[in-house]
Amino acid sequence: MLVERSSASGRDLGNSKVSILAARISVQKTGSKSRRIRILVAKPGLDGHDRGALVLCRAFRDAGMEVIYSGLLVTPEQVARIAIEEDVDVVALSLLNGAHMTAFPAVAKALRKMGGGDILMVGGGIIPEQDKPLLEKERITGNFGPGTPLKTIISHIVRKVEEKRRGKR
Amino acid sequence: MIQVARKNKQSFWSLKIKEIENKRRERPSTPEKKELNKLLASWRRRVSSTKQFESSSGIPIRDIYTPQDLRGLSYTSDLGLPGEYPFTRGIYHTMYRGKLWTMRMFSGFGTPEDTNRRLKHLLENGETGLSLAFDMPTLYGYDADHKRARGEVGRCGVNVSSVADMETIFEGIPLDQVSTSMTINAPAPILTCMYAATAEKAGIPLGKLRGTTQTDILKEYIAQKEWVFPPEAHLRLIRDMIAYCTQHMPHWHCISISGYHIREAGANAVQELAFTLADGFAYVELGLEAGLKVDDFADRLSFFFNCDIDFFEEIAKFRAARKIWATVMKEKYGAKKPGSMLLRFHTQSSGASLTWQQPLNNIVRTTIEALAAVLAGTQSLHTNAYDEAWALPTEETATIALRTQQIIAEETGIPKVADSLGGSYYVEWLTKEMEKRAYRYFEKIESIGGIIEAIKAGYIQREIAETAYKRQQQIEKGETVIVGVNKFMMNQKSPIKTLEINDVAQRKQIERLRILKGRRESRDLQNALLRLKKTFMDTSANSMPAILTAVKAQATLGEIMDVGREVFGEWKGPGEF
C-alpha cells in the first residue's frame with residue numbers, strides 16, 4: 001500500500017501493466033529527450049466523483065509520468081497555483097457534475113493570469129458534444145467522455161507534450 | 001458470544017468465519033449423498049475444463065453446483081422463512097403479495113419549480129414514493145449565491161437554499177400521504193428540519209412524516225466525498241438526529257446506510273457488502289454511546305445498496321446482507337426485537353454500469369439489475385434512465401425507467417413468490433461465500449481499530465481505488481466485456497437528445513435569495529443563529545431544536561452551515577491516491 005502512495009513520482013515501474021505498456025514506452029522516449037511528463041490531475045469544483053480521476057492517477061503513474069493529484073474541492077485558482085508551483089507540463093481536469101463550462105475556462109483564465117498560459121490542459125467527464133468546441137477555444141483539449149480507453153487519453157497527452165517540446169526547440 | 005470470544009482471545013468475526021468453514025467440512029453420511037459423490041466423480045472425469053471463471057468480485061466460480069456445495073447449510077438456521085430470523089429469505093412474511101416494493105425515482109434538477117413538476121409527473125404515472133436529488137452546492141452546504149456555487153446551481157439536482165425552496169418543491173403534494181427520501185448527508189439535519197417545517201406549516205404533525213434522510217457521513221469519507229466538517233462533528237450531529245427522530249419523528253428513517261456510492265466509487269460486490277455493514281455497526285455503536293438501547297433505535301436504520309449486472313452475485317449479496325445484519329444485531333449487540341434485526345433496503349440500479357456508447361442498451365442493463373433487486377427482495381427501487389451516462393434524465397427517459405419496474409411488478413409474475421431463487425445450489429453457495437468474505441473484511445477492519453480509524457488511515461478508500469483501477473485494466477485488456485464499449489462497438493455521435501440545464505436556474509435562485517434576505521426579521525434570525533452557535537459548541541446538547549428554530553427564522557442553508565464551519569472547522573480529505 002505504501003508503495004502505491006509513494007510511487008506517485010513514477011519510479012515504481014515494477015508492476016508492468018500490459019495494456020498501457022506501449023504508451024509508457026512512448027512516454028519514456030519523450031522523457032529521454034528532456035524529462036518525464038509532469039501532470040496535475042485536478043477536480044476544480046464541488047464534485048466528489050473521483051473514481052475516474054483516481055484511475056487516471058494510477059494509469060499516468062504506470063505510464064511513467066510524474067503525477068500530482070489536487071485532491072477534492074479545490075478552486076480553479078488553487079488548481080492554477082498548484083500547476084505553476086509544481087511546474088507541470090499538463091493539467092488534467094475532471095468534472096462529472098455539469099459545471100465544466102464554468103470551472104474549466106476558469107482554470108484556463110487563472111493560469112493565464114498567473115503566468116502559466118503555456119501549460120497544456122486536457123479535460124474529461126460528462127461533456128456534451130456541443131461544449132467541446134468552446135472548451136477547445138480555451139485550449140482545453142481531449143474532453144474525453146465515459147468509456148474512453150486509458151490508452152487514448154495517455155497517447156493524446158504524450159502527443160500534445162511532444163508537439164509542445166518540439167515547438168520550443 | 002462476546003464472552004466466548006474474549007476467553008479464547010478470538011474476535012467475533014474469526015469465530016463466525018471458523019463456524020462457516022467447519023460446517024462446510026462436514027462429510028456426507030446418507031446413502032444418497034454417497035451416491036451423488038460417485039455420480040459427480042464420474043461426471044468430472046468426462047467434463048474437464050481448464051478455463052477459470054470468476055464473479056465480478058473475483059470469487060472463483062465452478063461450472064455446476066450440487067447439494068455437495070451446501071454441506072453444513074442448515075435450512076432452519078441459515079435460511080428460515082420470510083419475515084423470520086435470520087431473514088435471509090426476506091424481511092416480511094407476505095413479501096410482495098402483501099405490498100409491492102416502493103417505486104421511488106431519484107429526481108431533482110434546476111429550480112424547485114422544475115423539480116415540483118417532475119415529482120408530480122412521476123406520481124401521476126404510478127410512482128409510489130418520492131426521492132430527491134440535490135445539486136452540488138446544496139450537498140456541500142453552500143447557498144446558490146455563494147462564489148463556490150457558480151456554474152453548479154441546479155446541475156446535478158435541485159437547489160435548496162432555504163425553507164422556501166423546500167415548500168416550493170412539495171407544493172400540492174400532501175406530505176402525510178407520501179414517503180420522501182432525501183439524498184443528503186453533510187447538511188442532513190438542516191434538510192430534515194426544512195422538511196419538518198414545511199410539513200408543520202401545512203398543518204401536518206411531525207409524527208405523521210414518513211421517509212428517509214441519507215445522513216450516512218461515513219460513506220462520504222469513504223466514497224461520495226461530500227463532507228463538510230471533520231468526522232467527529234458530523235457524527236455528533238447524527239447522534240443528535242437519531243435521538244431527536246426517535247422521539248419526535250417515529251416514522252422517519254434518519255440514516256440510510258449506503259453501499260451505493262461505495263460501489264459507484266469502484267468497489268466490488270463483496271467490498272460494498274462489507275464496508276456498508278461495517279458502517280452500519282458503527283452507527284449502532286454511536287446510538288449505544290448516546291445512551292440509547294439497541295432496541296430503541298435499531299429499527300430506524302435502513303440501508304441503500306447498488307445493484308450491478310453480475311446477476312447472481314448481486315442476489316447473493318442482498319441475501320447475505322440480511323443474514324449478517326440479523327446475526328450480528330442479535331449475537332453481538334444483543335438486540336431482542338425482530339425489528340432491530342431485519343435489514344430493510346432501497347436499491348438503485350448501477351449508474352456505473354451504464355454506458356455512454358449506444359445508450360439505448362442501458363434499458364436492458366437496468367432491467368436485468370432491477371430484476372435481480374426484486375428477486376432479492378428489495379423494499380424500494382430506483383431504476384436509472386438510459387440517458388444517465390450523458391445527463392440527468394428527461395421526462396421521457398425517467399418514465400421508461402419507471403415503466404421498467406411496473407412491467408416487472410405487473411407482468412412477470414415474479415412478485416407472487418418470496419425469494420424464488422432460494423434453494424438454488426449456486427445461489428445458496430454464493431450467499432454463504434459472500435457472508436464469509438464479508439466477515440474477513442470485518443476482522444481486518446477491527447484489526448485496524450474500527451471503521452473510523454480505517455477511513456482515517458485511508459485503508460477503505462485505497463481498497464476501493466485499487467479495485468476500480470484493476471477493473472479498468474480488465475476492460476482495457478478485454479477480459480471484462482462491456483457491449484458497445486470494448487466489443488461490438490459502433491461509430492455514433494450524439495445519438496440521443498438529453499436534458500439541458502442552463503444558467504436560468506442559477507439566476508432565479510440568486511434572485512430569490514436576494515428577496516428572502518431583504519424580507520426576513522433580522523432580530524429573530526440573529527437570535528436563532530446565536531443560539532445555534534451556542535448549541536453547536538456544547539457537545540452535550542441536542543442541536544436539532546436550534547436548527548429547526550433557525551430554519552423557521554428563514555436562515556439559509558449556507559448561513560446555518562457557516563455557523564458549523566466556524567465552530568467545527570472544515571475537513572480536508574487526503575490528497576493522496
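Helices here are DSSP runs of H or I with at least four residues, and strands are runs of E with at least two, numbered from the N terminus. The model is predicted.

**Stop 1: chain A.** Select chain A and colour by secondary structure. Trace the chain along its sequence: the order is α-α-β-α-β-α-β-α-β-α-β-α. Now colour by burial. Of the 169 residues in chain A, 52% are buried. Then turn to contacts between residues at least 6 apart in sequence. In chain A, 76% of these join residues at least 24 apart.

**Stop 2: the core.** In soluble globular proteins, nonpolar side chains tend to be buried together. Here, the largest nonpolar core holds 206 residues. Select A:Ile39, A:Val91, A:Val107 and B:Ala438, which touch the most other members.

Stay on A:Val91. Which residues does A:Val91 touch, leaving out those up to four places away in sequence? Show A:Leu40, A:Ala42, A:Val79, A:Ala83, A:Val107, A:Ile119 and A:Met121. A:Val107 belongs to that list and is also one of the core members with the most contacts to other members.

**Stop 3: where the chains meet.** Show both chains. Here 36 residues of chain B are in contact with 35 residues of chain A. Select α7 (136–139) and α21 (459–477) in chain B; each supplies at least two residues of the side that touches chain A. Keep α21(B) highlighted: eight residues come from α21(B), the largest share of that side. Finally, colour the side of chain B that touches chain A by class. Look for 14 nonpolar, 11 polar and 11 charged residues.

Conventions. Residues numbered from 1 in each chain as written. Chains lettered and ligands numbered in written order. Predicted model: local features only at pLDDT ≥ 70, side-chain atom pairs only at ≥ 80, totals over all residues. Contact = placed C-beta atoms within 7 Å. Nonpolar A, V, L, I, M, F, W, Y, C, P; charged D, E, K, R; others polar. Core = buried A, V, L, I, M, F, W, Y, C linked by C-beta atoms within 7 Å. Buried ≥ 20, exposed ≤ 12 C-beta atoms within 10 Å, placed from the backbone.
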